[in-house]
Amino acid sequence: MTVQHFTPEGMLQPAPYHHVAVGTGSKHVHVSGQVARQADGTPVAPGDLAGQVAQALRNTAIGLAGAGASFTDVLRLTFYVTQWSPEKIGDFMTGVEAVADEIGLRLPMPPASLIGVEYLFEPDVLVEVEATALLD
């Protein structure tokens, strides 16, 4: 196994992600920030955080597949969400859960960070996802 995810006893549980990932291999895959856009740039799910999370994760899966990787190879995910507040976690997780089976994202997720930001590159972009994977 290239990547092993786990949460040691004594760390916060339950969480929607594992706290630790251990990777062995030599090929690093970095997928840049993916947003809720179709390949032609058409926005997906304007104003809908759950819908944008789902589409950004779909686009991340496409990037991983292009490098010969999948979510099973992911060491770490980073989410940037505009105007974050704790009451948005339900919509955020709805987006993750809606697409997890489709894209092969096991829950709990790999180690992840959710970072609240004021603004992303366009006003309609609510979320951006970055992934780091490791292959043999």
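Phenylalanine 79 counts as buried because its relative accessibility is 1%, where buried means under 20% relative accessible area, exposed over 50% and partly exposed in between (1.4 Å probe, protein chains only). The model is a predicted one, in which local features need pLDDT of at least 70 and side-chain atom pairs count only at pLDDT 80 or more, while totals for chains, interfaces and linings use all residues. Residues are numbered from 1 along each chain as its sequence is written, and side-chain values use heavy atoms, with hydrogens and water left out.

The structure holds two aromatic pairs; rings of Phe, Tyr and Trp (its six-membered ring) pair if their centres lie within 6.5 Å, and planes under 30 degrees apart count as stacked, over 60 as edge-to-face and the rest as tilted. In one of them, the ring centres of phenylalanine 79 and phenylalanine 92 are 4.9 Å apart and the planes stand at 85°, so the pair is edge-to-face. This pair links distant parts of the chain, with phenylalanine 79 in strand 4 (residues 74-82) and phenylalanine 92 in helix 2 (residues 89-103), 13 residues apart. Helices (H or I, at least four residues) and strands (E, at least two) are DSSP runs, numbered from the N terminus.

Phenylalanine 92, with 3% relative accessibility, also counts as buried. Tryptophan 84 forms an edge-to-face aromatic pair with phenylalanine 92, at 6.4 Å centre to centre and 85° between the planes. Tryptophan 84 itself counts as partly exposed, at 27% relative accessibility. Taken together, Phe79, Trp84 and Phe92 are linked by ring pairs into a cluster.

Strand 4 and strand 6 (residues 127-135) run antiparallel and are joined by seven bridges; two strands pair if DSSP finds at least two bridges between them. In strand 6, valine 129 stands opposite phenylalanine 79. With strand 5 (residues 112-117), strand 4 pairs in the parallel sense over six bridges, and here leucine 114 is the residue opposite phenylalanine 79.

Histidine 5 has its place in strand 1 (residues 3-6). Leaving aside neighbours within four places in sequence, histidine 5 is in contact (heavy atoms within 4.5 Å) with residues including His18, Thr72, Val74 and Pro111.
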